[in-house]
Amino acid sequence: MEEELKCPVCGSLFKDPILLPCSHNVCLACARNITVQTPEGETPVQSRASGSSDYDYLDMDKMSLYSETDSGYGSYTPCQLKSPNGVRVFPPTIPHRHCSLTCPLCHRSVSLDERGLRGFPRNRLLEAIVTRYQQNRSATTTSSSSSTSSSSSSSNAVKCQLCDRNPVDAAVMCEQCDVFYCNACQQRCHPSRGPLAKHRLVPPPNQSAAGGAAGGGQAPPVTARKPATCVDHEAENFSMYCCTCKAPVCMKCLEEGKHAKHDVKPLAVMWKQHKCQISQALNGVSDKAKDAKEFLVQLKNMLQQIQENGVEFEACLVAQCDSLIEALTRQKAKLLTKVTKEKEYKLKVVRDQITHCTMKLRQTTGMMEYCLEVLKENDPSGFLQISDALIKRVTSSQDQWVKGALEPKVGPEFDLTLNTDSLLQTILQLDFCQGKDVQENPLLKQMQAAGSGEAEMETEGPGVESGPSVPAAPLLQLEKCCTRNNSATLAWRVTVPQGSPIEGYILELDDGNGGQYREVYVGKETVCTVDGLHFNSSYNARVKAYNAIGVGPYSKTVVLKTSDESCQLPAVAWFTFDPSSAHRDIVLSNENQTVSCNSYDDRVVLGTAAFSKGVHYWEVSIDRYDNHPDPAFGIARINTMKDMMLGKDDKAWAMYVDNNRSWFMHNNSHTNRAEGGITKGSTVGVLLDLTKHTLTFFINKEQHGPTAFQNLDGVFMPAVSLNRNVQVTLVTGLEVPKNIKQ
């Protein structure tokens, strides 16, 4: 506590401390030393010190927490003087100089009024605490041990100051709080724990005095404290407490001062109330401090546990990686054995073939040499005697060299392929799984199972019980995975039963060009169809499951190829009209293949397919055509306007046609008028060639006009606009017409 009782300027114990508006204290002499003059008319932004200033008493109450004592306020130093005969004498008027004082702790500046430093209140409570501290410190240096004498009579005994009614005799007195307690009040309001454990509890003065007299000891002198007087009425002592101004006042302040209409209470009542509040608050702080100490011990123990667990986990990781390397080494030895056997077999076959061929070649060579010698014979009769047998031998020898006899039985290449891409990708993706139970699953046992020739590594060995873990990798059902046009359907299942139920699946596809994966489905279904893919593209798909423990590993990757241009043939797409994006006046029937309209105005309907690559052709047959309307056919973006003719905005490219002629239109620009129209039963064809980025139209299988639009790029959807006088039916899955004019 000694540090709380030292002046921040001189570093010594407070002497005549004054209370600054910022709730900090300095010695009166030190305040004179740090007071500075300010230029005329300049006033710091902080509040001025005056007798009528309202201080922030909530901040001033914080002093009690730092000094472990109660808060209080002394009286102001009177600004008037008294003559010996009791008549007040006002000091002579001195020209006022502007001065300011800066707090050495918070550096808050305050201007002084005409009273100067006397305008600040004397902190008599702090002064009394310093005096008691000095007395106790001097008393502890002198050893005084005296036995306790009999207590004085009950009429002279000191009473408890916290008892509400019928106070009993005080049992102890706190030297720091300067309050007398009975045993019950001391246990309730001043327990010996937390910050209050540092307070010194002594017997009441009557008991200590009797003990000193009996023992012959001499108690330390007690300096009588001067009662605090009112600032405005210096002859009056404080007797009441103003709850509005939060300051002690005298009776005259209530009668004639500014506190007459304020809420006031007896000083003793508020004194006891505030001390009880501080004591209870200190009990709460004591409990928090105890919890903080226990928390620090817990953190320090955690440091050691982290160190130990880190070493253990590193050792486990090294063991698991070593087991992987060991299993890979064993598998490498097995594969090398297979290669060696294959090599030895090939060598044996080739060596046997060399031996057999060499023997036959030697026989054939000897026979040839013999035949050459026979041909040199000039005696016909002798030659004819052996010629028949020799011809048979030569023919037989020639028959031995049949087709394939001079071909190797084995090739030098080894028909063995080792695909390590998936394994290498798995190793590169090797990482820690979420959930403690997953980490506890012994990877070493998995690798031992793989090394012993098991076909599949199980998550847990037989006979080993473990807690719930993340789901295993789903198994893609390839027989159910397929593509149609620019959509893909995938199906999967989970083979290993799980301890914790699966909550859902996450399906991921790349961009069709080997790019990054993105989530396209999250849910509980095991079958998913993804629409809106690019034509003539290959998509990589994978799926993983998740439960309450975490997310499991990915399945094997499957490659799905959308419709392409194989064998120089264009992609054939099947689609219908899309009711979800159509205008509300559009009427669809015939499984969304036939469209009509309820409005006399043109309304737009789009197809369900979206094209970005390839060559695509479809037709629209005219089922009903009344009053010579002009429907439009073509392509559009998905966000084209649906309440006007197709082609009037910049997001559609179309041909609108009546019974006599037609025009191409884009962004409300009409071009290339062509003769020839449509009637009931006619067909309008649309050819979208995204390899050449062109759009061409046909009427009744014949190209109508030149190429309508060029430099088309992006994603397009089939589109039609019509009114109530027209009904058309969509025909898809058609081949491209051959009679195309450039």
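Q: Why does the end-to-end distance of helix 9 agree with its 21 residues?
A: This is a predicted model. At 1.5 Å a residue, the 21 residues of helix 9 (residues 380-400) should span 30 Å, and its end C-alpha atoms are 30 Å apart, so the two agree.

Q: Where does helix 9 bend?
A: The bend is at Ser387 and amounts to about 40 degrees.

Q: Which residues of helix 9 are buried, Ser387 being one of them?
A: The general idea first. An α-helix has 3.6 residues a turn, so residues three or four places apart point the same way. In helix 9, Ser387, Leu390 and Ser397 are buried. The buried residues of helix 9 pack against helix 8 (267-375).

Q: What is the order of the strands in the open sheet of three strands?
A: The order is 3-6-7, and the pairing is antiparallel. Strand 3 (35-37) and strand 7 (109-111) are the edge strands, each pairing on one side only. On average, neighbouring strands of this sheet are turned by 30 degrees against each other, direction ignored.

Q: How many bridges join strand 3 and strand 6?
A: Three bridges, in the antiparallel sense, link strand 3 to strand 6 (residues 99-102). Gln37 has Cys99 in strand 6 as its bridge partner.

Q: How many residues does the largest nonpolar core have?
A: In soluble globular proteins, nonpolar side chains tend to be buried together. Here the largest nonpolar core has 38 residues, and Phe611 and Phe633 are among those with the most contacts inside it. Strand 25 gives the most to this core, with four residues. A second, separate core of 24 residues includes Cys99 and Leu125.

Definitions and conventions:
Residues are numbered from 1 along each chain as its sequence is written. This is a predicted model: local features need pLDDT of at least 70, side-chain atom pairs count only at pLDDT 80 or more; totals for chains, interfaces and linings use all residues. Side-chain values use heavy atoms; hydrogens and water are left out. Two strands pair if DSSP finds at least two bridges between them. Helices (H or I, at least four residues) and strands (E, at least two) are DSSP runs, numbered from the N terminus. Axes are lines fitted to C-alpha atoms, for helices over the stretch in contact, and angles run from 0 to 180 degrees between N-to-C directions. The expected span of a helix is 1.5 Å times one less than its number of residues. The bend at a residue is the angle between axes fitted to the seven residues ending there and the seven starting there. Buried means under 20% relative accessible area, exposed over 50%, partly exposed in between (1.4 Å probe, protein chains only). Contact means heavy atoms within 4.5 Å. A nonpolar core is a set of buried Ala, Val, Leu, Ile, Met, Phe, Trp, Tyr and Cys residues joined through side-chain atoms within 4.5 Å.
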